[in-house]
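Subject: Structure handover

Hello,

Here is the structure I promised to pass on. Please open it beside this note; what I found follows below.

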Amino acid sequence: MAAIPRLALALACVVLAACAPAATSGPTGGASAPAAAPPAPSGQTTSAGSAAAAPPAPQKVNVAIVSPSEVMAIPWVAKDSGIFARYGFDAEVPLVTGTPRLVQSLIAGDFDYALVGTTALMRARIQGADPVILATTTNYTTQQLVADPRTDLHTLADLKGRTVGVTQYGSEGDTFLRILLARAGLAESDVSVLQMGGTPQVGAALATGNLEAGVLAGAPAFAIRQSGARLIASGTDLKVLAPSGTMATTRRYVERDRDSVARFMRAYVEAIHYFKTNREDAVRIMQEHMGGETDADIGMLYDSVRDLYQPLPIPSDEAIQAVLDRETDAQAKSLKPSDFVDVSFLRELEQSGFVDQLYR
């Protein structure tokens, strides 16, 4: 199919975007007003004739995302709309592919927050590390298994003896593939699983015919399917419970600066409102970060997820328990969903009336 090779250039753009340094420019326009400086600390005053006190310097935060995905768009929106700046943050939003890799970096303190797959986060917690889930986008995995249309791979049963690409072992895509194999009655040894490094790389390998099948999500999944790749299974269609678009930090970070985390979560929830109520600007921001897809294509992605974003993105105990139930580590049996989350920030916003005020 001619369209598949043509897609390689578009997917290559996504790969290059993943390797490029994060933008450091300010808001890029749209409907929001210019960011206001953070208020001066209480008790700090100026007298007539004296120079006005300088506002505190913006707090630098690094908010890494694991995939250029429509369910991970909120940090882009918060930065480019000026919301992060208005809440006193100088934010960088780098793309770091591979959930296990990003979780390790978060735990090591390389990033303040990470929007990442849930399974690796929970495994790290089970093994004694301290990541904590603050919010989620949806309760069903958005991973998709797709095949090169030039192959005769049409069903899950056809996977036997095939080579399937995933981002990393232990990633959401790798976990989804193993769930599919179990549903099809296949052993994990029935397929060869290749680590590709990231979602864009899986898409590029499919586009160039170097991979028979792959598991991916976000813009690369949309692009490869638009170009003719065959959908074999969708986590959303199959209702595979697993929180997706998971915002996390570490308990150490929360304990060190709880006020900052509270302010960050307020900005995050406001950015969800901005996303849901400013379609044109949200589509523009997504397009800038998702490998140069057309307005029409990004608009379709936006429309497919707009209603998935809940005004108050509280993690689902049921979805987290489903992930926990799939774990084979004996220590997992002694844990419960509340051991992995901190919803206190979102509950405080709910009780304050902040969310209701946004949607009036």
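Helices (H or I, at least four residues) and strands (E, at least two) are DSSP runs, numbered from the N terminus. This is a predicted model: local features need pLDDT of at least 70, side-chain atom pairs count only at pLDDT 80 or more, and totals for chains, interfaces and linings use all residues. Residues are numbered from 1 along each chain as its sequence is written, and side-chain values use heavy atoms, with hydrogens and water left out.

The sheet

Look at the open sheet. It has 5 strands, in the order β8-β7-β9-β6-β10, with mixed pairing. Two strands pair if DSSP finds at least two bridges between them. From one strand to the next, the twist averages 25 degrees.

Strand β6 (residues 144-147) runs antiparallel to β10, and 4 bridges join them. One detail there: L145 has A233 in β10 as its bridge partner.

Two helices pack on the sheet. Contact here means heavy atoms within 4.5 Å. Angles run from 0 to 180 degrees between N-to-C directions, with axes fitted to C-alpha atoms, for helices over the stretch in contact. Helix α7 (residues 199-207) touches β6, β7 (163-166) and β9 (213-216), and its direction makes about 155 degrees with that of β9. Helix α8 (residues 218-226) touches β6, β9 and β10; its direction makes about 35 degrees with that of β6.

Salt bridges

A salt bridge is a side-chain nitrogen of Lys or Arg within 4 Å of a carboxyl oxygen of Asp or Glu. The count comes to 16 by this rule. For the residues involved, buried means under 20% relative accessible area, exposed over 50%, and partly exposed in between (1.4 Å probe, protein chains only).

- D148 and R150 form one, with the closest N and O atoms 2.9 Å apart. D148 is buried at 5%; R150 is partly exposed at 43%.
- R162 and D152 meet at 2.6 Å, N to O. Both lie in the loop between β6 and β7, 10 residues apart. R162 is buried at 14%, while D152 is exposed at 52%. A network of salt bridges links D152, R162 and E212.
- R347 and E350 pair with their closest N and O atoms 2.9 Å apart. Both lie in helix α14 (residues 344-352), 3 residues apart, about one turn of the helix. R347 is partly exposed at 35%, and E350 is partly exposed at 40%.

Best wishes
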